[in-house]
Amino acid sequence: MKWLRALPVLLLAVTLVRAQDSSKTETVVEAILKEGKENSKVMEHLDHLTNKIGPRLTGSDRLTQACEWARDQFKSFGLENAKLEQWGTIAVGFNRGPWSGEMTAPEQKKLTCGTMAWMPGTNGPVEGSAVAADGKADLKGAWVLVPSRASEDVLKKIDEAGAAGIIRSSRGELIVTDGNHRTKWDRIPKRVTVYLIASQFKEVSDLVAAGKEVRLKIDIKNEFKEGPIPQYNVIAEIPGTEKPDEVVIVGGH
């Protein structure tokens with residue numbers, strides 16, 4: 001499996017040496033295969049990117065860390081001209097921290113929840129009653145169950161009442177975490193909006209509709225960072241010898 005990840009590099013090498021004699025081609029290919037099979041760093045690099053740096057959303061501190069790490073890795077390979085090249089900026093940075101949710105009454109149950117990017121968190125665990133948006137219950141400090149097509153008047157009423165936040169249903173059993181990267185610092189969203197997977201949203205809604213006392217406890221750490229936040233590409237070049245004025249471009253996301 002490890003050497004398969006090196007296949008694009010192998011194909012590139014084969015292309016570059018195709019015009020050379022067969023004995024040189026065989027030597028180069030064998031060297032590349034040996035490197036991939038016996039000295040692969042794929043899992044080591046993957047572990048660092050996923051477990052030590054983590055999610056790398058555009059506009060996040062972790063993406064900048066990942067770019068700096070990649071540049072330093074290129075330099076460690078002997079590519080002294082490796083660098084960060086700025087391609088633009090993001091007006092407001094966004095860092096997503098840990099999050100969790102649970103139903104504490106009428107039974108205890110873990111919830112699969114999340115927020116979209118560039119949306120506020122809870123500033124610590126917040127527990128409150130789950131109530132319907134169109135009901136008569138007190139909204140102050142409550143988690144309000146809001147259907148997908150709620151009017152601005154309903155949302156304004158929820159905000160003015162001092163609700164803990166609103167709960168929406170995802171479109172299925174998947175929490176979507178994209179968001180509006182065009183957010184401006186003076187217009188950062190204030191309303192905490194949490195998404196539950198569809199099956200759990202229905203379960204909570206049904207309990208509320210049945211008159212049960214439902215309580216939810218949600219803890220979401222999201223952080224905004226005032227920009228502009230520089231965004232980078234990582235660039236490195238291996239100078240050629242026979243045709244130094246020609247360039248072969250290899251890219252990866």
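Two strands count as paired here if DSSP finds at least two bridges between them. Keep that in mind for the sheet. One caution before we go on: this is a predicted model.

Start with a single pair. S129 stands opposite R215 in β8. Next to that, G128 has L216 of β8 as its bridge partner. Both pairs belong to the contact between β4, residues 126-132, and β8. Those two strands run antiparallel, over four bridges.

Now the other partner of β8. How many bridges join β1 to β8? There are 18, and the two strands run antiparallel.

Zoom out to the whole sheet. It is open, and eight strands form it. The order is β2-β1-β8-β4-β5-β6-β7-β3. Pairing is mixed. Which strands sit at the edges? They are β2, residues 109-111, and β3, residues 113-114. Each of them pairs on one side only.

Next, the helix on this sheet. α5 lies across β1 and β8. Its angle to β8 is about 45 degrees.

Which residues of α5 are buried? A66, C67, W69 and A70. They cover an arc of only 165 degrees around the axis, so they lie on the same side of α5. An α-helix has 3.6 residues a turn, so residues three or four places apart point the same way. What do the buried residues of α5 pack against? Their partners are α4 (42-53), β1 (83-105) and β8 (215-235). After the helix comes G78. The phi of G78 is positive, near 100 degrees.

On to a loop. G121 sits between β3 and β4. Buried or exposed? The cut-off for buried is under 20% relative accessible area. G121 has 11% relative accessibility, so G121 counts as buried. What touches G121, leaving aside neighbours within four places in sequence? V192, I220 and N222 are in contact with it. G121 and E223 are 102 residues apart in sequence, yet 7.5 Å apart in space, C-alpha to C-alpha.

Last topic, charges. Side chains of opposite charge can pair when their charged atoms come close. How many salt bridges does the structure hold? Nine.

First example: D47 with K52. The closest N and O atoms are 3.0 Å apart. D47 is partly exposed, because its relative accessible area is 29%. K52 is exposed, because its relative accessible area is 56%.

Next example: K41 with E44. Here the closest N and O atoms are 3.9 Å apart. K41 has 38% relative accessibility, so K41 counts as partly exposed.

R187 and D186 are both exposed.

To wrap up: α5 lies across β1 and β8, with A66, C67, W69 and A70 buried. β8 pairs with β1 over 18 bridges and with β4 over four. G121 is buried in the loop between β3 and β4.

Definitions and conventions
Residues are numbered from 1 along each chain as its sequence is written. This is a predicted model: local features need pLDDT of at least 70, side-chain atom pairs count only at pLDDT 80 or more; totals for chains, interfaces and linings use all residues. Side-chain values use heavy atoms; hydrogens and water are left out. Buried means under 20% relative accessible area, exposed over 50%, partly exposed in between (1.4 Å probe, protein chains only). The arc is that of the directions from the helix axis to the C-beta atoms. Contact means heavy atoms within 4.5 Å. Axes are lines fitted to C-alpha atoms, for helices over the stretch in contact, and angles run from 0 to 180 degrees between N-to-C directions. A salt bridge is a side-chain nitrogen of Lys or Arg within 4 Å of a carboxyl oxygen of Asp or Glu.
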